[in-house]
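The sequence and structure come first.

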Amino acid sequence: MKDVDIHRLRDLYPRLWRHDLSTLPGGWTAIAERLLADLNEIQPSVPGEYGSPLFLLISFHGGFAVAFVSPNPELGTWNAEKSLALIEAVRRFNAATSAACEVCSGPSYIIVKETNGSHQQRLCQHCSDERLEKFEARSVQ
Ligand SMILES: [Zn+2]
């Protein structure tokens, strides 16, 4: 994620922001922003209260991201409807990251793995072709 987006989202959602979010690739910034907006709408931060009304954790590795959320029973007003809305917001995030290119947000086409297996990335057809061209150009030299 670009620094400008990290600062913007951190300023917009200071109680929800987690460092994990900054590790997400730039192509998934809009997906992360949608998750933060959804969570903030479900249960906004409580004025005058320190802390977040819900806990958020993002696990990101090798072309996959999974969000976990848990209501903070000490803050906000929780009910069954809000709990279901949380599940839906997480489902939307998890499905969207599985369907979008990490670089350009285009439709996911392939998960590219470098030959030594150290780095794995979800890409669209265009970004995959570009990556292959760069790789082949390096190999020819
Ligand atoms: Zn792409």
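## Basis and overall layout

A residue is buried if 20 or more other C-beta atoms lie within 10 Å of its own, exposed if 12 or fewer, and partly exposed in between, with C-beta atoms placed from the backbone. By that count, 26% of the 141 residues of the chain are buried. The model is predicted: local features need pLDDT of at least 70 and side-chain atom pairs count only at pLDDT 80 or more, while totals for chains, interfaces and linings use all residues. Residues are numbered from 1 along each chain as its sequence is written.

The chain has 5 helices and 4 strands; these are DSSP runs numbered from the N terminus, helices being H or I of at least four residues and strands E of at least two. Their order from the N terminus is α-α-α-β-β-α-β-β-α. Along the principal axes, the C-alpha atoms fill a box of roughly 60 × 30 × 25 Å.

## Two domains

Domain 1 (3-100) and domain 2 (101-141) divide the chain, with bounds from an automatic or database domain assignment. Their centres, taken over C-alpha atoms, are separated by 28 Å. The contact between them takes 10 residues from domain 1 and 11 residues from domain 2, where two residues are in contact if their C-beta atoms, placed from the backbone, lie within 7 Å. On the side of domain 1 that touches domain 2 there are 5 nonpolar, 5 polar and no charged residues. Here Ala, Val, Leu, Ile, Met, Phe, Trp, Tyr, Cys and Pro count as nonpolar, Asp, Glu, Lys and Arg as charged, and the others, Gly among them, as polar.

## The largest nonpolar core

A nonpolar core is a set of buried Ala, Val, Leu, Ile, Met, Phe, Trp, Tyr and Cys residues joined through C-beta atoms within 7 Å. The largest one holds 25 residues, of which Leu-35, Leu-36, Leu-39 and Leu-56 touch the most other members. Two or more residues come from each of α3 (29-42), β1 (54-61), β2 (64-71) and α4 (80-97). The largest contribution, 6 residues, is from α3. Both domain 1 (3-100) and domain 2 (101-141) supply at least three residues to this core.

Which residues does Leu-56 contact, leaving aside its neighbours within four places in sequence? They are Leu-16, Arg-18, Leu-39, Ala-67 and Val-69.

## Helices α3 and α4

Residues of α3 that meet α4 include Leu-35 and Leu-39, and those on the α4 side include Leu-86 and Phe-93.
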